[in-house]
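Here's a quick tour of a model, written for someone who likes to check things by eye. Have a look at it first.

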Amino acid sequence: MKLENYIAAVEDFPTEGILFRDITPLLQNGEAYSYTIKKMAEIAREMGTEVVVGPESRGFIFGCPVAVE
């Protein structure tokens with residue numbers, strides 16, 4: 001799965017010269033989101049990760065499900 005297809009690029013947001021990467025399309029697609037969590041958990045296992053922390057908004061969205069996986 002090409003996750004790049006689920007991440008939008010918003011030019012000049014929030015100010016000119018910034019390229020904002022919007023993950024909303026990824027979150028709107030259950031299959032892509034599930035794939036992302038499984039791949040992130042796979043990488044964490046390979047690294048021997050023992051603790052996963054989700055300290056901010058994207059951390060809640062990705063870290064918590066990875067920890068459960």
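This is a predicted model: local features need pLDDT of at least 70, side-chain atom pairs count only at pLDDT 80 or more; totals for chains, interfaces and linings use all residues.

Residues are numbered from 1 along each chain as its sequence is written, and side-chain values use heavy atoms, leaving out hydrogens and water.

**The helix pair**

Let's start with helix 2 (residues 30-46) and helix 3 (residues 57-68), which pack at about 60° with their axes 9 Å apart. Helices here are DSSP runs of H or I with at least four residues, strands are E runs of at least two, and both are numbered from the N terminus. The two helices are therefore oblique to each other (under 35 degrees is roughly parallel, over 145 roughly antiparallel, 65 to 115 roughly perpendicular, and the rest oblique). Their crossing is right-handed, meaning that the near helix is turned clockwise from the far one by less than a right angle.

Who does the touching, with contact meaning heavy atoms within 4.5 Å? Helix 2 brings Tyr-33, Thr-36, Ile-37, Met-40 and Ala-41, and helix 3 answers with Ile-61, Phe-62, Pro-65 and Val-66.

**The aromatic pairs**

Searching the whole structure turns up 2 aromatic pairs. Rings of Phe, Tyr and Trp (its six-membered ring) pair if their centres lie within 6.5 Å, with planes under 30 degrees apart called stacked, over 60 edge-to-face and the rest tilted.

| Pair | Centre to centre | Angle between planes | Class |
|---|---|---|---|
| Phe-13 and Phe-20 | 5.4 Å | 70° | edge-to-face |
| Tyr-33 and Phe-62 | 6.0 Å | 50° | tilted |

Tyr-33 sits in helix 2 and Phe-62 in helix 3, so their pair ties together parts 29 residues apart in sequence.

How accessible are these rings' residues? Phe-13 is partly exposed at 42% relative accessible area, and Phe-20 is partly exposed at 29%. Tyr-33 also counts as partly exposed, at 22%, whereas Phe-62 counts as buried at 12%. Buried here is under 20% relative accessible area, exposed is over 50% and partly exposed lies in between (1.4 Å probe, protein chains only).

**A loop residue**

Finally, Asp-12 has its place in the loop between strand 1 (8-11) and strand 2 (19-22). Asp-12 is partly exposed, at 44%. Not counting residues up to four places away in sequence, Asp-12 touches Gly-17 and Ile-18.

Definitions and conventions. Axes are lines fitted to C-alpha atoms, for helices over the stretch in contact, and angles run from 0 to 180 degrees between N-to-C directions. Contact means heavy atoms within 4.5 Å.
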